[in-house]
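Take a look at it below, then read on.

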Amino acid sequence: MSEILRAVPTVWPQDPSFDAYGQVFTLQPFAQQYWNSLYIAAVVTIGTMLVAAMAGYAFARIRFPGANALFVLVLVGLLVPSEVTIVPLFRIVNSLGLINTHWPLIVIPVLGAPAVLAVFIMRQFFLGLPTELEEAGRVDGLGRWGIFWRIAVPLSRSALGAVAIFTFLKSCNLYLEPIVYLSSKDRFTLPQALTQYVDAYGGPMWNVQLAATTLTVLPVLAVFLVAQKQFVQGLAHTGLKG
């Protein structure tokens with residue numbers, strides 16, 4: 001701890017110690033909080049991929065009255081900060097009796113404004129798919145749903161990879177929403193848990209906080225290393241067509 005607060009910090013610690021990693025788990029239920037973040041991020045990622053794929057395909061391939069106007073209205077969600085909507089969302093969640101549960105952290109990101117970027121990425125990708133593929137599917141007797149699941153979705157793995165990384169990272173980094181909706185330590189997520197490592201005077205325990213922060217980086221880093229190829233391809237294929 002003394003080396004962290006030195007006026008001239010050392011590149012390599014003179015007295016290395018891993019005690020702070022043990023304190024991470026003894027001072028509060030960090031393992032439970034770690035699991036909370038992982039499963040919430042996983043559910044939100046899968047849900048967002050499903051909703052964004054269906055919505056993006058509908059906007060790109062299905063012609064219906066007001067499609068462009070509705071898509072512009074959806075894009076407006078990118079311009080609305082989460083701080084603006086947090087109060088009305090809290091009132092809705094409170095009226096449903098879902099305060100201090102994980103449901104708001106799952107349902108709102110999947111069906112709300114946070115999923116708009118994912119819908120945009122998937123729409124732009126589906127616009128670039130050749131129409132001949134759908135025509136061939138119709139010749140083989142596939143309907144709209146069959147074309148989507150058997151042709152469009154398998155070809156969109158790169159775009160879905162980009163959506164997965166964006167969504168997983170965003171869900172893991174949520175800070176404002178857990179503070180508003182959660183109050184029990186055993187339900188906290190990782191960003192919220194990092195702020196709880198303080199001493200008796202309310203000052204931050206920097207060594208423990210930094211150890212906990214190091215542990216929180218691991219799942220995001222693992223997801224990126226596994227899906228980085230799809231991530232790069234998804235961004236490369238997501239142009240401004242249409």
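Let's begin with R150, which sits in helix α8 (residues 144-155). Helices here are DSSP runs of H or I with at least four residues, strands are runs of E with at least two, and both are numbered from the N terminus. With a relative accessibility of 63%, R150 counts as exposed. The cut-offs are simple: buried is under 20% relative accessible area, exposed is over 50%, and partly exposed is in between, using a 1.4 Å probe and protein chains only. G137 is 13 residues away from R150 in sequence, and their C-alpha atoms are 8.8 Å apart in space.

A quick word on the source: this is a predicted model, where local features need pLDDT of at least 70 and side-chain atom pairs count only at pLDDT 80 or more, while totals for chains, interfaces and linings use all residues. Residues are numbered from 1 along each chain as its sequence is written, and side-chain values use heavy atoms, with hydrogens and water left out.

## The whole chain

The protein chain has 12 helices and zero strands. Its C-alpha trace spans about 70 × 45 × 30 Å along the principal axes. Of the 242 residues, 39% are buried.

Take the contacts (heavy atoms within 4.5 Å) between residues at least 6 apart in sequence: 77% of them join residues at least 24 apart. The chain exposes about 13,900 Å², and carbon and sulfur atoms supply 68% of that. Such areas come from the Shrake-Rupley method with a 1.4 Å probe, and for residues only the protein chains shown count as cover.

## α2 and its two partners

Helix α2 (residues 30-61) and helix α5 (residues 103-111) have axes that come within 9 Å and cross at roughly 25°. That angle makes α2 roughly parallel to α5. Angles under 35 degrees count as roughly parallel, over 145 as roughly antiparallel, 65 to 115 as roughly perpendicular and the rest as oblique. Axes are lines fitted to C-alpha atoms, for helices over the stretch in contact, with angles running from 0 to 180 degrees between N-to-C directions. On the α2 side the contact uses Y39, I40, V43, V44, G47, T48 and V51, and on the α5 side L105, I106, P109, V110 and L111. Sorted by class, that contact has 10 nonpolar, two polar and no charged residues. Nonpolar covers Ala, Val, Leu, Ile, Met, Phe, Trp, Tyr, Cys and Pro, charged covers Asp, Glu, Lys and Arg, and the others, Gly among them, are polar.

How do the axes of α2 and α9 cross? They come within 9 Å at roughly 140°, and the two helices are therefore oblique to each other. Residues of α2 in this contact include L38, A42 and M49, while those of α9 include L160, A164 and C172. The α2 contact with α9 has 12 nonpolar, four polar and no charged residues.

## α6 against α9

Helix α9 (residues 157-172) also has helix α6 (residues 116-127) beside it: their axes come within 10 Å and cross at roughly 170°. That makes α6 roughly antiparallel to α9. Here A118, I121, M122 and F125 of α6 meet S158, A159, L160, V163 and F166 of α9.

## A loop residue: N100

N100 lies in the loop between α4 (82-95) and α5. Although N100 is not a glycine, its phi is positive, about 65°. Is N100 buried or exposed? At 17% relative accessibility, N100 counts as buried.
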